[in-house]
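This report describes one protein model, shown below. The notes that follow cover its helices, its surface and a side-chain contact.

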Amino acid sequence: MGESRQNPSSGEVTVLRKLVPPPALCGFLLLLVLMFAVSYAVGAAAGPVAPGMHGTTGPDGGGGGTDMGDMRDGHDMPGSGG
């Protein structure tokens with residue numbers, strides 16, 4: 001019963017307040033983590049968007065592969081005046 005409570009000095013309180021981030025920042029970070037977790041769970045439940053799609057390289061190892069058709073070998077587009 002003879003216990004007495006010691007109040008921290010004002011210097012200690014100031015140091016503790018500087019070390020602890022503001023509650024709004026903690027709340028924002030918690031909300032950010034929760035939103036990421038929910039979006040990850042929804043994406044995992046939905047599965048892949050295009051299961052059969054592979055990389056952008058073709059069977060020749062990549063390198064463009066745009067087919068210009070009739071536009072090669074000096075053929076101009078109609079109305080180009082060339």
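In which helix does Ser 39 lie? Ser 39 lies in helix α2.

## Overall make-up

The model is predicted. The protein has two helices and zero strands. Of its 82 residues, 0% count as buried. The protein exposes about 8100 Å², and carbon and sulfur atoms supply 64% of that area.

## Helix α2

Helix α2 covers residues 23–46, which makes 24 residues. At 1.5 Å a residue, a helix of this length should span 34 Å.

The number of buried residues in α2 is zero out of 24, so the helix lies largely in the open. Buried here means under 20% relative accessible area. Just after α2, Gly 47 takes a positive phi of about 85°.

Ser 39, in helix α2, has a relative accessible area of 46%. That value makes Ser 39 partly exposed, because this class runs between the buried limit of 20% and the exposed limit of 50%. A polar atom of the Ser 39 side chain lies 2.9 Å from the backbone oxygen of Phe 36.

## Nonpolar surface patch

A nonpolar patch on the surface is formed by Val 15, Leu 16, Leu 19 and Val 20. Together these residues have about 410 Å² of accessible area.

Val 20 is found in the loop between α1 (10–19) and α2. With a relative accessible area of 54%, Val 20 is exposed, because exposed means over 50%.

Note on methods:
Residues numbered from 1 in each chain as written. Predicted model: local features only at pLDDT ≥ 70, side-chain atom pairs only at ≥ 80, totals over all residues. Heavy atoms only, no water. Helix = DSSP H or I, 4+ residues; strand = E, 2+ residues; numbered from the N terminus. Expected span 1.5 Å × (residues − 1). Buried < 20%, exposed > 50% of the residue type's maximum accessible area, 1.4 Å probe, protein only. Patch = residues over 30% accessible without salt bridge, like charges linked within 9 Å, V, L, I, M, F, W, Y side chains within 5 Å. Areas by Shrake-Rupley, 256 points an atom, 1.4 Å probe, with all protein chains shown as cover. Salt bridge = Lys/Arg side-chain N within 4 Å of Asp/Glu carboxyl O. Polar contact = N/O pair within 3.5 Å; in protein donor to acceptor, adjacent residues only side chain to side chain.
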